[in-house]
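Here is a short briefing to read alongside the model. Take a moment with the fold before you go through the points.

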Amino acid sequence: MSSTIHVGRRKSAVARASISRGSGTFELNGREFEDYFTTEKLRNHVTEPFQVVEQYGQWDVRARLHGGGTTGQAGALRLAIARALIEIDPDLRPPLKAAGLLTRDARKVERKKYGLKKARRAPQYSKR
């Protein structure tokens with residue numbers, strides 16, 4: 001149904017996904033869903049858009065993921081899936097928006113500053 005590519009980003013991860021009506025299979029970088037996202041928490045995070053619109057197991061997902069780690073990639077794929085769903089059926093926008101699935105999570109790692117050990121962590125202070 002949807003042959004267009006939808007992009008989702010999170011931290012430094014990028015997911016390009018396309019969804020089509022099917023039996024609920026995921027192909028992520030040529031690998032199976034359970035093989036790519038090994039924890040139940042990440043799998044639930046990715047499938048949340050389908051659960052919100054009560055269409056879990058009705059869509060096949062093909063995606064290319066790169067950059068970041070597993071958590072960032074799961075968040076990026078979640079956004080890409082939500083964007084793909086609203087392009088196919090605009091009536092799904094209100095429940096997805098209410099669940100906060102259409103908002104790009106803009107949080108990124110803050111850069112380290114000179115004179116500090118990390119972004120904000122100062123060296124230990126010794127009075128004597």
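What share of the contacts in the protein with a separation of 6 or more comes from residues 24 or more positions apart? In this predicted model, such pairs account for 66% of those contacts. The points below go from the overall fold to one pair of helices.

**Fold**
- The protein has four helices and five strands.
- Their order along the sequence is β-β-β-β-α-α-β-α-α.

**Overall dimensions and surface**
- The radius of gyration is 18 Å, well over the 14 Å that the globule rule gives for 128 residues, so the protein is more spread out than a compact globule.
- Along the principal axes, the C-alpha trace spans about 70 × 30 × 25 Å.
- Of the 128 residues, 37% count as buried.
- The accessible surface comes to about 8,200 Å², and carbon and sulfur atoms hold 48% of that area.

**Helices H2 and H3**
- Two packed helices are described by the angle between their axes and the distance between the axes.
- For H2 (residues 40–52) and H3 (residues 70–88), the axes come within 8 Å and cross at roughly 10°.
- Because angles under 35 degrees count as roughly parallel, H2 is roughly parallel to H3.
- On the H2 side, the contact is made by Leu42, His45, Val46, Glu48, Pro49 and Phe50.
- H3 contributes Thr70, Thr71, Ala74, Gly75, Leu77, Arg78, Ile81, Ala82 and Leu85.
- Sorted by class, the contact of H2 with H3 has nine nonpolar, four polar and two charged residues.

Key: Residues are numbered from 1 along each chain as its sequence is written. This is a predicted model: local features need pLDDT of at least 70, side-chain atom pairs count only at pLDDT 80 or more; totals for chains, interfaces and linings use all residues. Side-chain values use heavy atoms; hydrogens and water are left out. Axes are lines fitted to C-alpha atoms, for helices over the stretch in contact, and angles run from 0 to 180 degrees between N-to-C directions. Helices (H or I, at least four residues) and strands (E, at least two) are DSSP runs, numbered from the N terminus. Angles under 35 degrees count as roughly parallel, over 145 as roughly antiparallel, 65 to 115 as roughly perpendicular and the rest as oblique. Contact means heavy atoms within 4.5 Å. Ala, Val, Leu, Ile, Met, Phe, Trp, Tyr, Cys and Pro count as nonpolar, Asp, Glu, Lys and Arg as charged, and the others, Gly among them, as polar. The radius of gyration is taken over C-alpha atoms; the globule rule is 2.2 Å times the number of residues to the power 0.38. Buried means under 20% relative accessible area, exposed over 50%, partly exposed in between (1.4 Å probe, protein chains only). Accessible areas come from the Shrake-Rupley method with a 1.4 Å probe; for residues, only the protein chains shown count as cover.
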